[in-house]
Amino acid sequence: MMRRFCSVLLCIAMILSLAGCRKEAEAEPTDDSRFVIGFSQVGSESDWRIANTKSMTETFSNDPRYKFVMENARQKQENQFASVRRFILDGVDLILIAPTIEEGWQTVLQEVHDAGIPVIIMDRSVAVWDDNLFLTNIGSDFLGQGKKAADWLNKETKGDDQVNILHLQGTIGATAQIMRTKALEDAVAEHDNWVVTEQLYGDFTEAKAYEVMTEFLRTNTDIDVLYSENDNMTFGAMRAFDEAGITYGKGGQVKIITFDATKEALQYCMDGKIDLCVECNPLFGPQIKDLIAQYRKGEEIPKHVYVDEKVFTSADLDQALIDAREY
Ligand code: GYE
């Protein structure tokens, strides 16, 4: 009798607790109504990238209409393929990709296409023969950035004898590297007195750039210009120059050209340590959100969207501008 009474009590308790659970579940917003975005980010190699990740997460994670799932590929394309395939299995509503390098995307993008999931390519580009595999490609005009740098150098070195340029390259095969390199090489071909004395591989990171620069400077110090494809590599190079006793910036031996124009680089530029900062804007989360909204309304969206950018020398800078800089 007592056993029976206990099991009745247990049953009542279970029913009550189940009811409680259901009530809680009902109180939570259901995931079904949210638009799910899977985002494969390149990595966290630079200050630019950190700012870009922040812009993306702030834009989408604070908006209850979206569920934003980001995976960091740690600069490896195969990690990106794995993420994208996971997103397909999870049945996300849209996939965002910041591709590490341009080549190699055809197969996996075809898989996404076959699954009926729209794709937006951001920051860098993909080299695929079928443009229908993505809705749009939003990012910088990297060739334009390189041309602005070359134009500046052209003015700075007018009438000089030989100009020895040391070229620090980012991740080989990434659009930012391909186009910034192309702009330099095109300009060198137009100048009899410009010589690229060496191309060093810095993978867009400060640590790698410091390592290769330190090694290089042991035997080569005849450098007039450093053309560095991002700010973090520039910081590594500056450290190597300091240790080798080579001066740079205003009144120094080496003119420094750098890409991104992050807050730290702008500060160096204002202080006369960097000669030219070419802007590369990472804050395009809100613009991507607008594009997605347009797409969801069935509106036509442009195949390529470029973000606005400029260049800075110390003459263009003051402390208030730098302090207000978001990245
Ligand atoms: O310049 C660099 C980053 O693709 C624009 O990648 C991006 C580049 C940026 O790591 O700092």
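In the predicted model, the cavity count comes to one at a threshold of 30 Å³ or more. The space in this largest cavity amounts to about 100 Å³. Its lining is made up of 14 residues, of which Trp 48, Arg 49, Arg 124, Arg 180 and Asp 260 are the closest to the cavity centre. Two or more lining residues come from each of helix H2 (47-61) and helix H6 (175-190).

Helix H2 also takes part in the largest pocket, where H2 gives the most to the lining, with seven residues. The volume of the largest pocket is about 200 Å³. The residues that line the pocket are Asp 47, Ile 50, Ala 51, Lys 54, Ser 55, Glu 58, Thr 59, Leu 283, Pro 286, Glu 326 and Tyr 327.

The domain assignment divides the chain into domain 1 (32-139 + 283-296) and domain 2 (142-280 + 313-323). A distance of 30 Å separates the C-alpha centres of domain 1 and domain 2.

The largest nonpolar core holds 56 residues, and the members that touch the most others are Leu 96 and Phe 241. Helix H8 (residues 231-244) supplies the largest share of this core, six residues. Both domain 1 and domain 2 are represented in the core, with at least three residues from each. Beyond its neighbours within four places in sequence, Leu 96 makes contact with Ile 37, Gly 38, Phe 39, Ser 40, Met 56, Phe 68, Ile 120, Met 122 and Ile 288. Another core, of 18 residues, lies apart from the largest one and has Val 92, Val 112, Val 128 and Phe 134 among its members.

Val 112 belongs to helix H4 (residues 106-114), in which Gln 106, Val 108, Leu 109 and Val 112 are buried. Residues three or four places apart on an α-helix point the same way, because the helix has 3.6 residues a turn. The cover over the buried residues of H4 includes helix H3 (77-90), strand S3 (94-97) and strand S4 (119-123). After H4 comes Gly 116, with a positive phi near 75°.

An open sheet of six strands shows mixed pairing and the order S7-S6-S8-S9-S10-S12. Strand S7 (194-201) and strand S12 (311-312) form the edges, each pairing on one side only. Within the sheet, strand S8 (residues 225-228) and strand S9 (residues 255-260) run parallel and are joined by four bridges. Leu 226 has Ile 256 of S9 opposite.

Positive phi values also occur in residues other than glycine. Phi of Asp 203 is near 55°, and this residue is placed in the loop between S7 and helix H7 (206-217). For Ala 261, phi is positive and near 60°. Ala 261 is located in the loop between S9 and helix H9 (263-270). With a relative accessible area of 0%, Ala 261 falls under the 20% limit and is therefore buried.

Key: Residues numbered from 1 in each chain as written. Predicted model: local features only at pLDDT ≥ 70, side-chain atom pairs only at ≥ 80, totals over all residues. Heavy atoms only, no water. Pairing = 2+ DSSP bridges. Core = buried A, V, L, I, M, F, W, Y, C linked by side-chain atoms within 4.5 Å. Buried < 20%, exposed > 50% of the residue type's maximum accessible area, 1.4 Å probe, protein only. Domains from an automatic or database assignment. Contact = heavy atoms within 4.5 Å. 1 Å grid on protein atoms, 1.4 Å probe; cavity = no way out; pocket = protein on both sides within 12 Å on 5 of 7 lines; lining within 4 Å. Points joined across faces, edges and corners; volume = space filled by probe spheres on them.
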